Amino acid sequence: RYVPKMSVWTGLSISTYLLLAPGLLCKIWDYRITGMSGTMEIKNKHESIGDFAVGLVQEGGMGWFGAIMVVLYAMVIPAVKLVLLVAAELWRNGSPKQVRWARKFVIVLKAIS
């Protein structure tokens, strides 16, 4: 049975996408705004990317558009790229049909990168 080997560059690419998950789930912003020499707290925020997108929608106006862009570029596109990368790597040494699909996946990856 043939077991395909993953190239170093593919492994590095997959690991960078896996490192994206903590960036999306953990708190990104953590700040505190005070006044009067620190005795009066004006704003205290602890947000993740998801919290930030929800906050944009709740602010009204064109905030929904900003939320869609944040979710699209920070969550959806990286997830699609990761799925395409893994599928292309798994199928690159498969049947001729799988190899054709793997090539198409790589072309799509290049186009959206």
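Okay, a definition to start: helices (H or I, at least four residues) and strands (E, at least two) are DSSP runs, numbered from the N terminus. With that in hand, S48 sits in the loop between β2 and α3.

Quick housekeeping. What we have is a predicted model, where local features need pLDDT of at least 70 and side-chain atom pairs count only at pLDDT 80 or more, while totals for chains, interfaces and linings use all residues. Residues are numbered from 1 along each chain as its sequence is written, and side-chain values use heavy atoms, with hydrogens and water left out.

Back to S48. Is S48 buried or exposed? S48 counts as buried, at 7% relative accessibility. For the cut-offs, buried means under 20% relative accessible area, exposed is over 50%, and partly exposed is in between, using a 1.4 Å probe and protein chains only. Leaving out residues up to four places away in sequence, S48 touches L24, L25, C26, K27, I28 and W29, where contact means heavy atoms within 4.5 Å. V8 is another story: S48 and V8 are 40 residues apart in sequence, and C-alpha to C-alpha they are 31 Å apart in space.

I49, A53, G55 and L56 are the buried ones in α3. Looking down the axis of α3, those buried residues fall within an arc of 160°, so they line one face of the helix. The arc, by the way, is taken over the directions from the helix axis to the C-beta atoms. And what do the buried residues of α3 pack against? They pack against α2 (20-25), β1 (29-35), β2 (40-47) and α4 (63-91). After α3 comes G60, with a positive phi near 85°.

Next, α5, residues 96-112. α5 has 17 residues and reaches 25 Å from its first C-alpha to its last, close to the 24 Å expected at 1.5 Å a residue. That expected span is 1.5 Å times one less than the number of residues. Buried in α5 are V99, A102, F105 and L109. Down the axis of α5, they fall within an arc of 115°, so they line one face of the helix. That pattern makes sense, because an α-helix has 3.6 residues a turn, so residues three or four places apart point the same way. On the other side of α5, P96, K97, R103, I107 and A111 are exposed. The buried residues of α5 pack against α4. At I112, also in α5, the relative accessible area is 39%, so I112 is partly exposed.

That brings us to the cores. A nonpolar core here is a set of buried Ala, Val, Leu, Ile, Met, Phe, Trp, Tyr and Cys residues joined through side-chain atoms within 4.5 Å. The largest has 8 residues in all: I14, L84, L85, A87, A88, A102, F105 and L109.

At 15% relative accessibility, F105 counts as buried. Not counting residues up to four places away in sequence, F105 touches L84, A87, A88 and W91.

Now for the aromatics. Rings of Phe, Tyr and Trp (its six-membered ring) pair if their centres lie within 6.5 Å, and planes under 30 degrees apart count as stacked, over 60 as edge-to-face and the rest as tilted. Searching the whole structure gives 3 aromatic pairs. In one of them, the W64 and F65 rings have centres 6.0 Å apart and planes at 85°, so the pair is edge-to-face. W64 is partly exposed at 44% relative accessible area, and F65 is partly exposed at 40%. Then there's W91 with F105: centres 5.9 Å apart, planes at 25°, so this pair is stacked. W91 lies in α4 and F105 in α5, so the pair ties together parts that are 14 residues apart in sequence. W91 itself is partly exposed, at 31%.

W91, W101 and F105 form one aromatic cluster. Last item: the charged end of K104 sits over the ring of W101, 4.7 Å from its centre. The criterion there is NZ of Lys or CZ of Arg within 6 Å of the ring centre and within 35 degrees of the ring normal.
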